[in-house]
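I opened my notebook to look at how one chain packs. Come along and check each entry against the view.

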Amino acid sequence: MQIRPFRQEDAATLGRIFHRAVQATPEGEYSADQRQAWSAGPTPAERYLDRIQAGDHLVYVAVDAGDQPTGFIELQPDGHIDCFYRDPEHAGSGVGAALDDHLEDQARRQGITRLWVEASDAAKRFFLRQGFGVLERREFARNGVTLHNWAMEKHLR
């Protein structure tokens, strides 16, 4: 596995990874209605590109030996981790930890001293293992359905 910067041709694949990861979330964490409201289908490449360009995101992509994306993580200039998803087929492969390690290294190089994220239940467990602390549980509506996430932060040294 390698971590590399995002390329425009990755956009459609990352949109599919996002959707597959959301839909693979266990029923005990988010209902089918919640998963559908979160992601009704793969994000089209154009929409993904527009979103990351508007938010000035840096995107780091985990790729396999064939340079095919297996996961991704997004960093905004203020230390916000906007999206962090791994293809469900690569669960337990170390993709998530490698992406987070890379992002933290890049954040330090840019002088970012605080990372923050709104994490799903599964991502909360991951981020706790990475040294993040929980600030609060947040509830919000998307497409008429109530969802929740966890505001979390980590101070970098």
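Which residues does Thr43 touch, not counting residues up to four places away in sequence? I found Gly15, Phe18 and Tyr48; contact means heavy atoms within 4.5 Å.

A note on my source: this is a predicted model, where local features need pLDDT of at least 70, side-chain atom pairs count only at pLDDT 80 or more, and totals for chains, interfaces and linings use all residues. Residues are numbered from 1 along each chain as its sequence is written, and side-chain values use heavy atoms, with hydrogens and water left out.

**Entry: Thr43.** I located Thr43 in the loop between α2 (32-38) and α3 (45-54). Helices (H or I, at least four residues) and strands (E, at least two) are DSSP runs, numbered from the N terminus. Thr43 counts as buried at 12% relative accessibility; buried means under 20% relative accessible area, exposed over 50%, partly exposed in between (1.4 Å probe, protein chains only).

**Entry: rings.** Next I looked up Phe18, which is buried too, with a relative accessible area of 13%. Phe18 and Tyr85 make an edge-to-face aromatic pair, 4.9 Å centre to centre with 85 degrees between the planes. Rings of Phe, Tyr and Trp (its six-membered ring) pair if their centres lie within 6.5 Å; planes under 30 degrees apart count as stacked, over 60 as edge-to-face and the rest as tilted.

Why does the pair tie together parts that are 67 residues apart in sequence? Because Phe18 lies in helix α1 (residues 11-23) and Tyr85 in strand β4.

I also noted one aromatic cluster, formed by Phe6, Phe18, Tyr48, Phe72 and Tyr85.
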